Amino acid sequence: MSVGLGEDAVRPRAVLNILVHGIGRPGRELDPGEEPVWVSIAQFERVLDAVAERSDARISFDDGNSSDVEVALPRLVERGLSAEFFLLAGALGNRGRVDHAGVRELLDAGMSIGSHGWLHRDWRLIDSAQAREELEDAPQVLSELTGRPVSRVAVPFGSYDRHVLRRLRAAGVTRAYTSDGGRVRPDAWLQARTSLRHDMDAARIARLLDPHTSLTQRARGSAVRVVKRLRGRSRPAAGGLG
């Protein structure tokens with residue numbers, strides 16, 4: 001099953017992709033700047049309850065944190081929701097991360113698995129060897145583990161440019177997810193997502209989901225995507241996948 005809520009409903013003209021990083025108490029030491037995108041269990045449950053009957057909201061998870069399985073999965077199942085989990089192939093089984101058994105639990109519950117790369121590197125700064133590891137080896141490992149093709153990716157740090165996009169297409173990526181924010185066409189190859197944050201209360205969640213009040217955010221997200229598509233690398237990098 002692909003990511004989505006209310007798949008049997010009429011397809012909306014634009015969707016909000018909600019991005020979750022971690023929930024509750026982290027099971028590992030967080031990286032610098034990571035704490036603001038961790039949310040409480042109560043915040044996460046409020047979001048799920050708010051989107052449970054909507055066809056214009058989709059949920060995905062980055063980083064492969066253990067809270068994906070321990071906290072998120074049972075609450076998704078309780079509400080009959082599906083989501084896509086973008087895992088770090090090189091971190092599977094590490095402390096605080098999803099392990100092989102957790103991947104099986106996600107699949108058995110009807111969730112989808114995508115790639116977040118190998119070790120959460122900035123794809124604008126990788127060399128050709130790292131590009132093979134991030135864009136070829138990582139999906140291959142996840143495909144072998146799941147027994148299914150893994151051709152959808154989430155871009156680490158939301159960091160991409162025209163060179164990264166060319167590499168992704170050359171690697172056979174069928175859909176690329178970012179963290180640009182705003183709404184997007186449900187069938188777009190490049191999918192913007194909006195991250196949940198630790199300071200998000202019920203009022204902000206309501207505004208986030210309101211398609212009328214999010215028009216400005218959608219326009220801002222579109223502008224960000226245009227700039228990123230056109231820019232070049234921040235430093236020279238060796239050739240690789242495209």
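Which residues in helix H1 meet which residues in helix H6?

Mentor: Before the details, a word on how to read them. This is a predicted model, in which local features need pLDDT of at least 70 and side-chain atom pairs count only at pLDDT 80 or more, while totals for chains, interfaces and linings use all residues. Residues are numbered from 1 along each chain as its sequence is written, and side-chain values use heavy atoms, with hydrogens and water left out.

Gln 43, Arg 46, Val 47, Ala 50 and Val 51 of H1 meet Ala 202, Ile 205 and Leu 209 of H6, where a contact is taken as heavy atoms within 4.5 Å. H1 spans residues 41-51 and H6 spans 202-209; helices (H or I, at least four residues) and strands (E, at least two) are DSSP runs, numbered from the N terminus. The axes of these two helices come within 10 Å and cross at roughly 35 degrees, the axes being lines fitted to C-alpha atoms, for helices over the stretch in contact, with angles from 0 to 180 degrees between N-to-C directions. H1 passes H6 in a right-handed crossing, a term used when the near helix is turned clockwise from the far one by less than a right angle.

Ile 205 has a relative accessible area of 5%, so it is buried, meaning under 20% relative accessible area, as against exposed at over 50% and partly exposed in between (1.4 Å probe, protein chains only). Leaving aside residues up to four places away in sequence, Ile 205 touches Gln 43, Arg 46, Val 47, Ala 50 and Met 200. With Arg 46 the sequence separation is 159 residues, yet the C-alpha atoms of Ile 205 and Arg 46 are 8.2 Å apart.

On the H1 side, the buried residues are Gln 43, Phe 44, Val 47, Leu 48 and Val 51. They lie on the same side of H1 because they cover an arc of only 135 degrees around its axis, the arc being that of the directions from the helix axis to the C-beta atoms. An α-helix has 3.6 residues a turn, so residues three or four places apart point the same way. The cover over the buried residues of H1 includes H6, helix H2 and strands S1, S2, S3 and S4.

From that cover, S4 (57-62) leads us into the strands. Six of the six residues of S4 are buried, so S4 is largely enclosed by the rest of the structure. Both of its faces are covered, with Ala 57, Ile 59 and Phe 61 buried on one side and Arg 58, Ser 60 and Asp 62 buried on the other. The chain passes from S4 through H2 to S5 in a right-handed β-α-β crossover, right-handed here meaning that, with the strands pointing away from the viewer, the path from the first strand over the helix to the second runs clockwise.

Asp 63, in the loop between S4 and H2, has a positive phi near 85 degrees although it is not glycine, and it counts as buried because its relative accessibility is 5%. Leu 81, in the loop between H2 and S5, is likewise buried, at 7% relative accessibility.

Finally, for the setting, the protein chain has seven helices and 11 strands, and 51% of its 242 residues count as buried. Among its contacts with a separation of 6 or more, 73% come from residues 24 or more positions apart.
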